[in-house]
Amino acid sequence: MRAIDRLRAAGRLEEGIALGPLTSYKLGGPARYLVRVGGEEDLREAYSMSAEEGLQIVALGRGSNVVVADDGFGGIVLRPGPALAHHRISDEGVVVAGSGVPLPLLARETARAGRGGLEFYTGIPGSVGGAVRMNAGCHGSETRDVLISARVFDGATATAGDRSPDDLDLSYRHSNLDDLEFVIEARFETFARPADEAEGTIREISRWRRKNQPGGTLNAGSVFKNPPGDSAGRIIDELGLKGMACGAVSVSERHGNFFVAADGATASDLHRLVGLVRARVLEETGMDLEPEVRFVGEFP
């Protein structure tokens, strides 16, 4: 029996699932196949299916930095299922969390338990898996600072193992993970901190976001990585690109590194705007901004 048939029989495989609603921008078409991952056996079968059927495979958490093409994605999407939404805190303060756990939830739960160190995650609308893959960070902290290890499934060898931050080569918005590797869970270190202090830090971060970032809009946070020693938002603002638009997607008037989608927006609008802003910055400054958002599928 082929892997695709085994996944169907186990109820893990879905077809034609709309991906837009699973992303922050709410844009894009369906996935040909979607596997809701419950554990290592699901991953083993999914990567076998990818090889047998000759299909590309990508992981999708909360979709906070992913833009799916308007025609969708003709491969296999891996998404953490309920079994990977667990989290617990040991007596020593080690936090173990599945890859599907939302980062703001993890921040609030650890703060409420009187543990500090993960408060910065309240400002990142992603998941644990995405945090490891992108070394997510904000407000002077990043995942590398708090990560003990991540359990990663390697689709090339069909095995799983623990990897340290050095093993993952974590640096600014970077890891060495590729599409043949899937984060199952992660272990974080925390320290004892009064709950009211930790929750106060979370409130401060939330207030800062409301003041400085566009709220109530469809966006994916920072579009470009910050160049060394500078800010992509500052560069875009200085070039007078705030308000620049393609179709129904525009550069936010509040923050130059946030692109917002209005009614009627398409993924192609966003893709074109990213390209135009990147080209304009390169032309004016000689600096090639690297996108932080990931485009999945075929774009014009």
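View 1. E45 belongs to helix α2 (residues 40-53), where helices (H or I, at least four residues) and strands (E, at least two) are DSSP runs numbered from the N terminus. When neighbours within four places in sequence are left aside, E45 is in contact with A3, R6 and L7, contact being heavy atoms within 4.5 Å.

The structure shown is a predicted model, in which local features need pLDDT of at least 70 and side-chain atom pairs count only at pLDDT 80 or more, whereas totals for chains, interfaces and linings use all residues. Residues are numbered from 1 along each chain as its sequence is written, and side-chain values use heavy atoms, with hydrogens and water left out.

**View 2. The aromatic pair of Y121 and F188.** A search of the whole structure finds 5 aromatic pairs, a pair being rings of Phe, Tyr and Trp (its six-membered ring) whose centres lie within 6.5 Å, with planes under 30 degrees apart counted as stacked, over 60 as edge-to-face and the rest as tilted. The ring centres of Y121 and F188 are 5.9 Å apart and their planes stand at 80°, so this pair is edge-to-face. Because Y121 lies in the loop between β8 (115-116) and α4 (128-134) and F188 in strand β13 (residues 181-188), the pair ties together parts that are 67 residues apart in sequence. Both Y121 and F188 are buried, and F120, Y121 and F188 form one aromatic cluster.

**View 3. The aromatic pair of F224 and F259.** F224 and F259 form an edge-to-face aromatic pair, at 6.1 Å centre to centre with 80° between the planes. F224 lies in the loop between α6 (195-212) and α7 (232-238) and F259 in strand β17 (residues 259-261), so the pair ties together parts that are 35 residues apart in sequence. F224 is buried at 1% relative accessibility, and F259 is buried with a relative accessible area of 0%.

View 4. The 19 residues of helix α8 (residues 267-285) should span 27 Å at 1.5 Å a residue, which agrees with the 27 Å between its end C-alpha atoms; the expected span is 1.5 Å times one less than the number of residues. The buried residues of α8 are A267, S268, D269, L270, L273, V274, V277 and V281, and they pack against β4 (66-68), α7, β15 (245-246), β16 (249-251), β17 and β18 (294-296). Just after α8, G286 takes a positive phi of about 80°.

Methods. Buried < 20%, exposed > 50% of the residue type's maximum accessible area, 1.4 Å probe, protein only.
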